[in-house]
Amino acid sequence: MADLSKYRNIGIFAHVDAGKTTTTERILKLTGKIHKTGEVHDGEATTDFMEQEQERGITIQSAATSCEWNGHRLNIIDTPGHVDFTIEVYRSLKVLDGGIGVFCGSGGVEPQSETNWRYANESEVSRIIFVNKLDRVGADFYRVVKQVKDVLSANPLVMVLPIGIEDEFTGVVDLLTRKAWIWEGVSDASDYKIEAPPEDMSDAIEEWREKLIETAIEQDDNIMEKYLDGEELSINEIKACIRKGTIALDFFPTYCGSAFKNKGIQLILDAAVDYLPDPTEVKPQPEVDLGGNETGEFAIVDPDKPLRALAFKIMDDRFGALTFVRIYSGKLGKGTNVLNTFTGKTERIGRLVEMHADERIELDSAQAGDIIAIIGMKNVQTGHTLCDPKSPATLEPMVFPDPVISIAASPNDKAASEKLGIALGKMIREDPSFRVETDQDSGETILKGMGELHLDIKVDILKRTHGIEVTVGKPQVAYRETVTKRIEDSYTHKKQSGGSGQYGKIDYIIEPGEPGSGFKFESKVTGGNIPREFWPAIEGGFKTSMEKGVLAGYPCLDFKVTLVDGAYHAVDSSTVAFELAAKAAYRQSMPKAGPQLMEPVMKVDVFTPEAHVGDVIGDLNRRRGMIKSQDAGPTGVRIKAECPLSEMFGYIGTLRTLTSGRGQFSMEFLHYVACPKNVAEEVIAETKEREAEKDR
């Protein structure tokens, strides 16, 4: 049986272009997993194996691989950096025990780094920090360390200091041993020597080493006492304190180097082994009931306990469906039956494989702590729990964000239209942030996603992977509706058509809710005027109706319905009658409650050279953007703004024109706000025009 203390399940996450995939590539080369290093810019990186990834030089989906270092097994997941694919980071962090946050030495803490860091905090994942690209112009290790403190409110524990910077960067000083690691060449990470550090760095080394020790020893009173008494601490004692603090998320050991130039990777691997937790050292996963409430039970990481495993990713490739699974407790073997608690069905395990990017290694069995893939599971989706049929339990499921942008897609010929449904079914299983709907009136297929790039990639996958050409309509914004006035109203539903009739009378209040509160329902009926068994039907009637607002047919948000009184008939009243009463009440009262159109506002982060700041800000103002902050860095200015999504289509083209091709931006959904009157009128008129066109 494998020794779990030798396992490390880690993810590598960062902003676009900070060097995650290159770092993964160097780790695989150093650990002997691959013999030739592939470069991202050549489209040859091991973990970027999709055609779209190789062409664009970005990671689109997380890729799993594993390797060995110092007798420890590292299961590594390389995640995307682009904001449109944060779902991949979120679901990977959910099943990992530790992470390596990669930051660019010149770019520092970039917008996507903040989002990923927030996800890692929510998932309580221990991390080490790697400040990469110190050979770049404008790189500054100490500035990035300060940004980690200021922007992420995190506590970086500096473990190494860089020797030289930019073109002069040759290696690092390990503060614990006071030894310098110098890499002679740039093509081989194993071509290095360990020697005494440069003399002009001795003051800085002692200063930072003291900070490191004083922060670390707070984890252990006995060691702290020893230190305060002036005793020399052993390196193992300090390491034990660092490990304890890292696992407790009190601080994050911080390293630096240049992955592309093969410098600093060994220390990262040593740190992963020394300081990141093994599967038994992290908080066990809580078990929940079918309603999503915690039961108080936990999936303890132990191969001898009943099976508990979480499916965190589905992938279709040329060999069929692959279900990526993290096993929390128990064992999984070929031919065993497992229960999917979401569907209530059991499935037989056919083949188990260990993934190395898109290659697979067959396994006979796997155990608690492993991340593996199962081939050929039919009804499993992301977030489903697989468990022992004799001891059922559900693990805490994953929550995925709602899409903010949609496009209409229609196949170019009849043959393609038959294949489209099957292809889209596979793509939805793979990516829970991608949704598909059919417009009831026009019969059009509507694709919904997290951003323009997200949907662009999906259309590309349809074309290349599935051979389906589609014509795409212009992007549509996911508007919402809400109410602004409190209104008291009454509705009576009466129907008599031979036999028993239908009767239900409701008196109710509709009022605006807090932003983000969704739909709330409360009943204050007393004295049995409406029997309690009809309340859920009334709530259900309002809830179903809110899918279609009264202004332009968009879903309705953030309002509360309070049932205050009503009447029923002993014979004619039924759940159906009260549900119909609620639906008609919604149609009757919503137009009177000051309905208002809401639009999605995005958090926009723009990077521009200093010379073009005025043009970029002027353009954002024209797009109804609100500038929140400007931060000047060594290579340009970062502008943070809030901007309506409807104004941001095609923005990358404009930004490149304004900045001579040097500008970059990322955006993510922030919240919904009320649409200005002129915009709302335009959207409502457009919607009515579309409806009229469908009817013709």
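Biologist: Let me start with a pairing: which residue in E4 does Phe13 stand opposite?

Modeller: Phe13 stands opposite Gly101 in E4. Keep in mind as we go that this is a predicted model.

Biologist: What makes E1 and E4 a pair?

Modeller: Two strands count as paired if there are at least two bridges between them. Strand E1 (residues 7-14) and strand E4 (residues 98-104) have 5 bridges in the parallel sense, so they pair.

Biologist: And what makes you call E1 mostly covered?

Modeller: In E1, 8 of its 8 residues are buried. Tyr7, Asn9, Gly11 and Phe13 are on one side, with Arg8, Ile10, Ile12 and Ala14 on the other, and both faces are covered.

Biologist: On to Met590: why is this residue called buried?

Modeller: The cut-off for buried is under 20% relative accessible area. Met590 has 1%, so Met590 is buried. You will find Met590 in the loop between helix H13 (575-589) and strand E35 (595-608).

Biologist: Which residues is Met590 in contact with, leaving aside its neighbours within four places in sequence?

Modeller: Those are Val483, Ile510, Val550, Cys556, Phe559 and Pro595. Take Val550: Met590 and Val550 are 40 residues apart in sequence, yet their C-alpha atoms are 6.8 Å apart in space.

Biologist: How do you know that the span of helix H8 agrees with what it should be?

Modeller: H8 covers residues 235-247, which is 13 residues, and at 1.5 Å a residue these should span 18 Å. The end C-alpha atoms are 18 Å apart, so the two values agree. In H8, the buried residues are Ile238, Cys241, Ile242, Arg243, Gly245 and Thr246.

Biologist: What about Asn262: where is it found, and why is it called buried?

Modeller: Asn262 is found in the loop between strand E11 (252-256) and helix H9 (265-275). Its relative accessible area is 7%, and buried means under 20%, so Asn262 is buried. Phi of Asn262 is near 65°, a positive value in a residue other than glycine.

Biologist: Last one: what makes Asp558 buried?

Modeller: Asp558 has a relative accessible area of 9%, which is under 20%, so Asp558 is buried. Asp558 lies in the loop between helix H12 (535-545) and strand E34 (559-567), and its phi is near 50°, a positive value.

Definitions and conventions. Residues numbered from 1 in each chain as written. Predicted model: local features only at pLDDT ≥ 70, side-chain atom pairs only at ≥ 80, totals over all residues. Heavy atoms only, no water. Helix = DSSP H or I, 4+ residues; strand = E, 2+ residues; numbered from the N terminus. Expected span 1.5 Å × (residues − 1). Buried < 20%, exposed > 50% of the residue type's maximum accessible area, 1.4 Å probe, protein only. Contact = heavy atoms within 4.5 Å.
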